[in-house]
Amino acid sequence: MKWRHGLAGTVGLVSITATLSLMPVSGLAQPGGEASRLIPLPSPHKGLNFSLHWDSDIYANVDGGVRRGYATDSVLSAQFGLNTGALGAWQGGQFVLGLQAITSTHPSAYVGDLQTVSNLDAPNQRQVAQFWYSQAFGPNTVREGIIDLNSFFDVTDAASLFTNASFGITPTMTGDVPTETYPNPGWGLMAQLGKNDNHWLLGIFQGNPEDRASALHEGAMLIAERDWRNSTTGNHFSVGTWYRQAPESAGPPTHDWGLYSNIEHPLSGHPDTVAFVQVGLSPAGTNQVPGYLAAGVHFDHVSPFVSEWGVGFARAWIRGRTAETSVETTALIPLDNSAFALQPDVQYVFHPSGVNPNALVFALRLHMVLY
């Protein structure tokens, strides 16, 4: 079984996922704060917005794994937004439509790993990636429609720099049950209760996101998360739980659950250096991936000579029926006022899928902000 991430990201995906907010480079911007773009079109009407991003990469498995070789990914994402208040209609409403085109020759087919070295690796498809409406009621927000669960739940901002899918959504969820995230967001209803720095997230999503016509006829995923953020120190702590019920026809397990937690902590005296830890647990008797642990460091403003670079080092462990460890080193290098960014990446995978020889993987990703 393969699973897919991140934007955070995450992107994240933050790393590109079905929503642009999860793209690995969603923060690319000029020093003045506005994102640079390649297509010189006029800005949309007030209350309307549009963005167009393209990520393309190449991964080369140079040693170990299933076999040597290279594979590519390409994801083109467009997002349209409409703010009802800015248009002079009712306040607090927002419509979002996201479209995506995925083309992949599947890097993990060469590596043979479970965690998936590329968070863009997915079946080739063109689809509506998101289509939802949200309404704010004071500090609370309700959202419904086609939603990428990982746009809101189980997000670790510092881990969104990395391209390995495990640093996105916790693999004890996506590795064990169908989950409404890239490349298959699904129908859902969710609520955020409280302000951004101290809130609850509650959601119910369809049990089989690959079949949007099924809605809740093929089970349901329930998820809840508690988030605390300190805007002064930059500390972030979240803890969440999920439960999925599926009919007997879907096969075992018909009932499954799990826990996850994310911690981010800027290092003392170095606010642009953030350490993170991700943990995931699910029942060992019925799940392929009952245990997950990841840790890493994300450096921004590395030095005065490369002040715009982001650099990261991280390691992800999965344990259960398969024991596999992935180590990743990556750098995000903005070019041309951030309309372009290059991301060289190196990963070493110990025992891909628990049975294949250790694999050494080199990659290069190109991020482009078209509009």
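Trainee: Is Tyr133 buried or exposed?
Mentor: The relative accessibility of Tyr133 is 19%, a value computed from a predicted model. The cut-off for burial is under 20% relative accessible area, so at 19% Tyr133 counts as buried.

Trainee: How are the ring planes of Phe50 and Phe80 arranged?
Mentor: A search of the whole structure finds 11 aromatic pairs, and Phe50 and Phe80 form a pair with ring centres 4.8 Å apart. Planes under 30 degrees apart count as stacked and those over 60 as edge-to-face. The planes of Phe50 and Phe80 lie at 35 degrees, so the pair is tilted.

Trainee: How many residues apart in the chain are Phe50 and Phe80?
Mentor: Phe50 belongs to strand β1 (residues 48-63), whereas Phe80 belongs to strand β2 (residues 69-83). The pair therefore links distant parts of the chain, and the two partners are separated by 30 residues.

Trainee: What is the angle between the planes of Phe95 and Tyr133?
Mentor: Phe95 and Tyr133 form an aromatic pair whose centres are 4.5 Å apart, and the pair is tilted. The angle between the planes of Phe95 and Tyr133 is 45 degrees.

Trainee: Which residue joins Phe50 and Phe80 in one aromatic cluster?
Mentor: Phe50 and Phe80 are already paired through their rings. The cluster that holds both of them also includes Tyr371.

Trainee: Over the face of which residue does Arg143 lie?
Mentor: Arg67 lies over the face of Tyr110, at 4.3 Å from the ring centre. For Arg143, the distance from the ring centre is 4.5 Å, and the ring belongs to Trp132.

Trainee: Which element gives the largest share of the largest nonpolar core?
Mentor: The largest nonpolar core has 16 residues, and those with the most contacts inside it are Phe162, Phe167, Phe276 and Tyr292. Two or more residues come from each of β11 (270-281), β12 (291-300) and β13 (310-319). The largest share, 3 residues, is that of β13.

Trainee: How many residues are in the other core that lies apart from this one?
Mentor: In soluble globular proteins, nonpolar side chains tend to be buried together. Among the members of this other core are Ile147, Leu149, Met173 and Ile223, and the number of residues in the core is 15.

Trainee: What is the relative accessible area of Thr116?
Mentor: Most residues other than glycine have a negative phi. Thr116, in the loop between α1 (108-111) and β4 (125-137), has a positive phi near 75 degrees. Thr116 is buried, with a relative accessible area of 0%.

Trainee: What is the phi of Asp154?
Mentor: Asp154 sits in the loop between β5 (140-147) and α2 and is buried, with a relative accessible area of 1%. Its phi is positive, in a residue other than glycine, with a value near 55 degrees.

Trainee: Is the peptide bond from Tyr182 to Pro183 cis or trans?
Mentor: Pro183 is found in the loop between α2 (171-174) and β6 (186-195). Most peptide bonds are trans. With omega near 5 degrees, the bond from Tyr182 to Pro183 is cis.

How values were computed
Residues numbered from 1 in each chain as written. Predicted model: local features only at pLDDT ≥ 70, side-chain atom pairs only at ≥ 80, totals over all residues. Heavy atoms only, no water. Helix = DSSP H or I, 4+ residues; strand = E, 2+ residues; numbered from the N terminus. Buried < 20%, exposed > 50% of the residue type's maximum accessible area, 1.4 Å probe, protein only. Core = buried A, V, L, I, M, F, W, Y, C linked by side-chain atoms within 4.5 Å. Phe/Tyr/Trp six-rings, centres within 6.5 Å; stacked < 30°, edge-to-face > 60°. Lys NZ or Arg CZ within 6 Å of the ring centre and 35° of its normal.
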